[in-house]
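Trainee: I'm new to reading protein models, so please take me through this one feature by feature.

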Amino acid sequence: MTNREIPYKIYLSEQELPKKWYNVRADMKNKPAPLRNPGTLQPMTLEELSGVFCRELALQELNDTDPYIDIPEEIQSFYKMYRPSPLVRAYCLEEKLGTPAHIFYKFEGNNTSGSHKLNSAIAQAYYAKRQGLKGVTTETGAGQWGTALSMACSYFGLDCKVFMVKVSYEQKPFRREVMRTFGASVTPSPSPTTRVGREILEKFPGTTGSLGCAISEAVEAAVTTEGYRYVLGSVLSQVLLHQSVIGLETKTALDKYGVKPDVIIGCAGGGSNLGGLIAPFVGEMLRGEADYQIIAVEPASCPSMTRGKYVYDFCDTGMVCPMAKMYTLGSSFIPTPNHAGGLRYHGMSSIVSQLYHDGYLTARAVEQTEVFKAAEEFCRVEGILPAPESSHAIRVAIDEALKCKETGEAKNIVFGLTGTGFFDMTAYEKFNDGLMSDYIPTDAEIEKSLSRLPKVDL
C-alpha cells in the first residue's frame, strides 16, 4: 500500500467499536503488586475497597484473570456520542519535518470534556448510579478529569464534588467554570474544608497543591459523607481497563490498512492514557506475538519513572489511601507549578510500573519549554491546539521522526493526542511572551521526599 492510500483520518464504524474492555493484567506473568491496607499492610480486600469505591469498580480493581470484561450497553451507547475517535495520519507534520517516518496520532479531544478522561468517567458514573449512590467525589489536576466526570455525573443525575489542584484552579478558571456549568462543586486544594487539607496547609503554608493533596481531600470527603464514593481519573487498574478502548480502536484502525507500528508513544502522569493506548500492543508482546518500542514521556519537573524508586508508597499526600507498589518520588513530593497539571503526580500506575520494571517500555523526561516548542510546531501544521500533557508525546514523536530523517528509516510512529489545549491559553501566553521557564528538581529535593517513604519491607 502506498503512502497516500492511507487516509488522513481513519474512522471505524459503530459495528467496529469495542464491546469489551481489555484487561492487560490477565496476560502479565508478573502481576502488578496488590494495593495494601496502610494499617495492616495486608492486600486490600473487596470489602475494604468497597468502602471507598463502587463495588463493581472494586471488583474490576482486583481482577487479574479475565482478559476481557463486557462494556455495559448503556456505556456503549454513550461512547457512540464521540467514539470512535479518529486515528490521524500526520502527513503535514511529516512533510514539515522532512522525515521518511509515518506518523499517526489517536485524537481523544473530540468530545465536550476535551480529553480521553470521559472514557472512564462515564463508566465510573454508571456504576455509581447503578449502586444507588447520591454522588461522588474526586480530584483533578489540569481539569480534564474533573470536566469529564462532571459531564458524566450530569448525564446520570449524580452530585459531583471536585477538589482541583490549587495552581490549576488559579491558572485555568475556564476549565473550572465548565465543571460548574455541568453542576459540579469545585474546591481549590489543599483547602480548609477537610481535616487533611488543613493539615497540609499547616505543614506546607502557601503550597500550590498537587494531585496527591487533592486525592487525600476527595477520599476524606467521600468516606465521611453518606451515599458518596470516591472515583479516580488515573493510576488505578480499573481506570486503565476503561481506557483500553483507546488502544483497541487504534489497533483495529491500523490493522485495516496493514500498518504495524514500530514506535508507540504516550504522555505519562498517572498512567491512564498511556496504559489505555498501549494495552493491546503490550498484550501481544506479553504473549510473544509481536514486538514494539514503547516510550512513556513524563515532565522533567515530576520524573517519577526516570528518577523515582519502585517501592510501596501512599497514593496521596495525606496518607489516607491504600499503598501501591509503583515508581514514585514520594507522596510528600509537591512538583513545581508547571503547565502540565495532569502530569503532576508523584507516582505511576502499578500496571505501567510493573511493565516498565520488566522492560516492556522505556521512559523519557522532557522539559517544559521544549514541550511547548513541539506543541506550537504541531499546531501550525496539523491544525489542532494540543493540551500541554499531550504535547509531551508530540515532543518525543518529533524527536523520533527526526532520528528517522538521519537514518533514512521509514518507521511507523504512533502517539496519543490526549486532548485539546483551549483551556491552557495562559500557558501558551507565557510561552509566546518568553516568560516560561524550566525547573528540574535537584537530587537533594527528590531524596528528601524519598526519605519519607513508608518504612515497610514489601
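Trainee: Let's start with strands. How many bridges join β6 to β9?

Mentor: General idea first: strands of a sheet pair through backbone hydrogen bonds, either parallel or antiparallel. Here β6 and β9 run parallel and are joined by three bridges. Two strands count as paired if DSSP finds at least two bridges between them. The names come from DSSP runs numbered from the N terminus: helices are H or I runs of at least four residues, strands are E runs of at least two.

Before we go on, this is a predicted model, where local features need pLDDT of at least 70 and side-chain atom pairs count only at pLDDT 80 or more, while totals for chains, interfaces and linings use all residues. Residues are numbered from 1 along each chain as its sequence is written, and side-chain values use heavy atoms, with hydrogens and water left out.

Trainee: Which residue in β9 is the bridge partner of threonine 137?

Mentor: Look for tyrosine 230. On to β7 (residues 159-165): β6 pairs with β7 in the parallel sense over six bridges. Within β7, phenylalanine 163 is the bridge partner of glutamate 139.

Trainee: In what order do the four strands of that sheet come?

Mentor: The open sheet reads β8-β7-β6-β9, with parallel pairing. β8 and β9 are at the edges with a single partner strand each, so one side of each has no neighbour in the sheet. From one strand to the next, the twist averages 25°.

Trainee: Is β6 (residues 135-140) buried or exposed?

Mentor: Buried means under 20% relative accessible area, exposed means over 50%, and partly exposed is in between, using a 1.4 Å probe and protein chains only. Six of the six residues of β6 are buried, so the rest of the structure largely encloses this strand. Gly135, Thr137 and Glu139 point one way, while Val136, Thr138 and Thr140 point the other way.

Trainee: Which helix lies across β6, β7, β8 and β9?

Mentor: That's α10 (residues 211-223), which runs at about 170° to β6. For such angles, axes are lines fitted to C-alpha atoms, for helices over the stretch in contact, and the angle between N-to-C directions goes from 0 to 180 degrees.

Trainee: What does valine 231 touch?

Mentor: A touch, or contact, means heavy atoms within 4.5 Å. Leaving out residues up to four places away in sequence, valine 231 touches Gln124, Val136, Thr137, Thr138, Glu139, Trp145 and Leu149. Valine 231 sits in the loop between β9 and α11, and is buried at 0% relative accessible area. Valine 235 is in the loop between β9 and α11 too. Its phi is near 70°, a positive value in a residue other than glycine, and valine 235 is buried at 9%.

Trainee: At roughly what angle do the axes of α5 and α6 cross?

Mentor: Roughly 40°, with the axes of α5 (residues 118-130) and α6 (residues 144-156) coming within 8 Å. Angles under 35 degrees count as roughly parallel, over 145 as roughly antiparallel, 65 to 115 as roughly perpendicular, and the rest as oblique. The two helices are therefore oblique to each other. Among the residues that meet there are Gln124 and Tyr126 in α5, and Trp145 and Leu149 in α6. By class, this contact has 13 nonpolar, two polar and one charged residues. Ala, Val, Leu, Ile, Met, Phe, Trp, Tyr, Cys and Pro count as nonpolar, Asp, Glu, Lys and Arg as charged, and the others, Gly among them, as polar.

Trainee: What about the seven strands: in what order do they form an open sheet?

Mentor: The order is β1-β4-β5-β15-β10-β11-β14, and the pairing is mixed. β1 (9-10) and β14 (362-366) are its edge strands, each with a single partner strand, so one side of each lacks a neighbour in the sheet. β11 (residues 293-299) and β14 run parallel, joined by five bridges. There, glutamate 298 has alanine 365 in β14 as its bridge partner.

Trainee: Where is a cis peptide bond?

Mentor: One joins arginine 83 and proline 84, with omega about 5°. Proline 84 lies in the loop between α3 (73-79) and β4. Another cis bond runs from serine 189 to proline 190, with omega near 5°.
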